[in-house]
Amino acid sequence: MSQPRNRQVSSGNAIAESVKRQVKEAGDTAQDAVTSGAWGYPIYGIYYLLSHPALIKPLIPTLVKGVLVSLGVVVALFTFAYLPQVAVLAFVSGPLAFGLAIPLVLGESYVVINFLTRALLVNQAGVDLFDAVLLQKGHSTLVEHGRQVTSGGNGKSKVMGTLLMKPLSRFSTDNVVRYILTLPLNLIPVVGTVFFLGFNGFKSGPGYHARYFQLKGYDKTKKQELIKKRRGAYTAFGTMAMVLNLIPGLSILFNFTTSVGAALWASDLEKKGRTTTSDLHNARQSGTENEVEVQLPNAGGSGGRKDL
């Protein structure tokens, strides 16, 4: 009798230790996410893109189409899916159902909008923006690892040519499946929504630096090493990007601004040569460099030459 009892005690202790370890890891990641400052880059990307007309001007036709598509999807889902979901939620949440159904519908809208905009509108524009910002910030050598770059006629501009590397995947099935599976977490008031955003941010955050890893030539092992080291920072970045993308009608704009924010973060990492999240707060205090003139004449293309 003593052996089974000892095994039960040992098993219970192992489970308790595992819970403690995972709670501590989650706490450390959350603390690192807040203190890293990486959550500010998606917001900084909004200001940067809007303050650089040469970057945003060629995106206007795509943005207009994207906003119209987004609004159409949101209106359609709220018209046809909101009340039925309120009716279902009323059985478990009572009067809270009217509020709880809102993040659910917004989350569903995000999936549809993300699929439509990425498949039909965004195309290669995100990568072009990422490279353009790096060029503006003086990282020509880095960008030249992934595409042709030549100087413009006035010597103060750059011309982006064809990609030299395999184009990045524009759509992640894993992200969509994970997102859909975790949507029901929003049924839990406040805590569920926070966990939903944090978990998806944690999983999607590193993807915003896929182009940076590609330009650096990192293999899978190196990428995983850096992602683990910046786990809190990527969680913060991905969570803020998630929050912005849930704003009705503006998700396509925030797709672009988040790409810009990711490039600004990559630029700061390059300038500082840092690999830990504790350095991100001071990363932008390295001085004001002279930016290269930038112009994207044809947003969304993936092939021909582009004046920068």
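**Helix packing and buried residues**

Mentor: α13 and α14 run roughly antiparallel to each other, a label for angles over 145 degrees, where under 35 is roughly parallel, 65 to 115 roughly perpendicular and the rest oblique. Helices here are DSSP runs of H or I with at least four residues, numbered from the N terminus.

Trainee: Before we go on, what kind of model is this?

Mentor: This is a predicted model, where local features need pLDDT of at least 70, side-chain atom pairs count only at pLDDT 80 or more, and totals for chains, interfaces and linings use all residues. Residues are numbered from 1 along each chain as its sequence is written, and side-chain values use heavy atoms, with hydrogens and water left out.

Trainee: OK, at what angle do α13 and α14 pack?

Mentor: About 160°, with the axes 9 Å apart. Axes are lines fitted to C-alpha atoms over the stretch in contact, and angles run from 0 to 180 degrees between N-to-C directions. The α13/α14 crossing is right-handed, meaning the near helix is turned clockwise from the far one by less than a right angle.

Trainee: Which residues make the contact?

Mentor: From α13 you have A233, Y234, F237, A241, L244 and N245, and from α14 S251, F254, N255, T258, G261, A262 and W265. Contact means heavy atoms within 4.5 Å.

Trainee: How many of those are nonpolar?

Mentor: 8 nonpolar, next to 5 polar and no charged. Ala, Val, Leu, Ile, Met, Phe, Trp, Tyr, Cys and Pro count as nonpolar, Asp, Glu, Lys and Arg as charged, and the others, Gly among them, as polar.

Trainee: And how far apart are the axes of α7 and α14?

Mentor: 8 Å, at an angle of about 35°. That contact has 11 nonpolar, 3 polar and no charged residues.

Trainee: Switching topic: is D128 buried or exposed?

Mentor: Buried, because its relative accessibility is 0%; the cut-offs are under 20% for buried, over 50% for exposed and partly exposed in between, with a 1.4 Å probe and protein chains only. D128 sits in α7, residues 125-136.

Trainee: Which side chain does D128 have a polar contact with?

Mentor: R147, at 3.1 Å. A polar contact is a pair of N or O atoms within 3.5 Å; within protein, one must be able to donate a hydrogen and the other to accept it, and residues adjacent in sequence count only if both atoms are side-chain atoms.

Trainee: Last one: what is S70 in contact with?

Mentor: Leaving aside neighbours within four places in sequence, I113, G249 and S251. S70 lies in α4 and is buried, at 0% relative accessible area.

Technical notes:
Helix = DSSP H or I, 4+ residues; strand = E, 2+ residues; numbered from the N terminus.
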